[in-house]
Amino acid sequence: ITGGEKRYRTSYGVDLRQKGRAYNGPAASSLTLPTDFAPAINNPGFETTDFTLNWYKLSGNATWAQSSAQAQAGTYSGLMSGGTATATVAAQALEVIPFRGKELTFTCYLYQAVLNQGKIRITDSASSTTSSLSATVGSWVQFTVAHTVNGGATTLRIDLLNDNGSEACYFDTAAIALTTGSTATTGDYIRYIDYNSALYLARGSSLLKYSGSGNWTYLRGFPFTITDMAVLGSQLFIGQGIGNYMYYSAASSDAATTWSLATTANNIAQFFAEIGGTLYFNSTATAVYSIAAANGTATSVGTIGLTTTTITGMTSHANLLYIMKTDQPYERASGGTITAIMPETISETSATSGKNPLSWKGDLYIQTGSQSLWRWGSSTDIETVSPAKFAVAEADFGGAVKALASDSEYLFAILQNTTKVEILAMREETIDGDTDWRWHPLAELTSGDCNHAWVSTVGSKRLWVCGDTADTPTFYYLPANY
């Protein structure tokens, strides 16, 4: 480059965004993933008043309630009493996939009214192991049970049992530990989110955290694969897909033991969008609901589009809700009316159309089909800004747009390129009086796919990308100022 050039066709490993200058492209880096962790138990001390949202009654006719009559630690315990002389069981579902083939040890204190009354158990979808009984009555005794999780288990839970529901049995101070084997997270990387001054990454059914220094830490897991995350007020919400209730953190806290499982009807979420203190989510492939608070009454927003097409994502844009489907996107007006906004995309219907939409600088960007990227400003202001349109016959830049992210200056797009992904930056630029969109290649990353991209300032300003289970969540440093 001599300094007189005003355009270039393409580049690899070099950043040519500045006129007359060429810089090395941003280098990829990553953080170490966590190992050797144990499942997280919600409310192990039975101290929160909504403890039955997590320790649900599985079977039996005894009453299962919080009690202050006895406590091994703290103020409260869980009490089973007032039933017949048959068994009552309370349970809590745990994350299972990282613990397949590993031995876990579950402990809990019991206070029995009669001997040989209570016990604890670890149960997976293939088998279970139950603790021994105890002849001690009238005082707290710690029960212990070890269980090797079946290598093909699809569910995992811990159980509290009172074999004589007509007599009182108290439970307190539950804990679980990894005793044999080494654990590691597994599954596809789903998405990133900032919350409470930290960066979070969903991988499979596990939630990882980066606080700005060090490496990824294992925060906790959930019974089913995480499909999305959102922040409402001071709480972080976790969607577990169609058919599964969402989880939510305590206010302004991600403490692993203080999460709760929603139980109110239709608090089931695949994708989220938060707008003005309301959390929107789809509970089926076509039905959208909203809540104003955790575990709140779910208000129906409506059935979106055709019942033969499915929702692929949603986002907030100009304080309105936009719902993506496999055939076309929809807008929910301030009055609640739902309207299709881009019928042009019907011809590009695909299973991934609409995934990872992004609102940036007053416009909404939506990817569809095998390579299209649309800029939607209004019903009369629509254009395609697909990288392939600006790099004709350049196969490396003709793939599907997999994810979008942005900072104050650039929109970043991640393109599929067989076993690699291409990372590009775009904005409007004026050259010789011609103002148009300009795409700039920044980096090429060996990766099977890209499921999400995110710009975060946790630690320092970086562009984060993540993909399939065999890929590595990767970041690129971004300038604080351009």
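Asp449 is buried, at a relative accessible area of 15%, where buried means under 20%, exposed over 50% and partly exposed in between (1.4 Å probe, protein chains only). The model is predicted: local features need pLDDT of at least 70, side-chain atom pairs count only at pLDDT 80 or more, and totals for chains, interfaces and linings use all residues. Residues are numbered from 1 along each chain as its sequence is written, and side-chain values use heavy atoms, with hydrogens and water left out.

**Salt bridges**

- The whole structure has 16 salt bridges, each defined as a side-chain nitrogen of Lys or Arg within 4 Å of a carboxyl oxygen of Asp or Glu.
- Asp449 pairs with Lys402 in one of them, at 3.4 Å from N to O.
- Lys402 is in strand β34 (residues 401-406) and Asp449 in the loop between β37 (434-446) and β38 (452-456), so this bridge ties together parts 47 residues apart in sequence; strands (E, at least two residues) and helices (H or I, at least four) are DSSP runs numbered from the N terminus.
- Lys402 is also buried, at 17% relative accessibility.
- Arg191 and Asp228 form a salt bridge whose closest N and O atoms are 3.1 Å apart.
- Arg191 belongs to strand β14 (residues 189-195) and Asp228 to strand β18 (residues 228-232), so the contact joins parts 37 residues apart in sequence.
- Arg191 and Asp228 are both buried.
- Between Arg375 and Asp363, both buried, the closest N and O atoms of the salt bridge are 3.2 Å apart.
- A network of salt bridges links Asp363, Arg375, Asp381 and Glu383.

**Aromatic rings**

- There are 27 aromatic pairs in the whole structure; rings of Phe, Tyr and Trp (its six-membered ring) pair if their centres lie within 6.5 Å, with planes under 30 degrees apart stacked, over 60 edge-to-face and the rest tilted.
- Tyr111 and Tyr170 are edge-to-face, because their ring centres are 5.7 Å apart and their planes lie at 85°.
- This pair links strand β8 (residues 103-112), which holds Tyr111, to strand β13 (residues 169-180), which holds Tyr170, 59 residues apart.
- Tyr111 and Tyr170 are both buried.
- One aromatic cluster comprises Tyr192, Tyr210, Trp216, Trp464, Phe475 and Tyr477.
- The charged end of Arg462 sits over the ring of Phe475, 4.5 Å from its centre (NZ of Lys or CZ of Arg within 6 Å of the ring centre and within 35 degrees of the ring normal).

**Cysteines**

- The structure has zero disulfides, a disulfide being a pair of cysteine sulfur atoms within 2.5 Å.
- Cys169 has its nearest cysteine sulfur, that of Cys108, 9.0 Å away.
- Cys169 is buried, at 0% relative accessibility.
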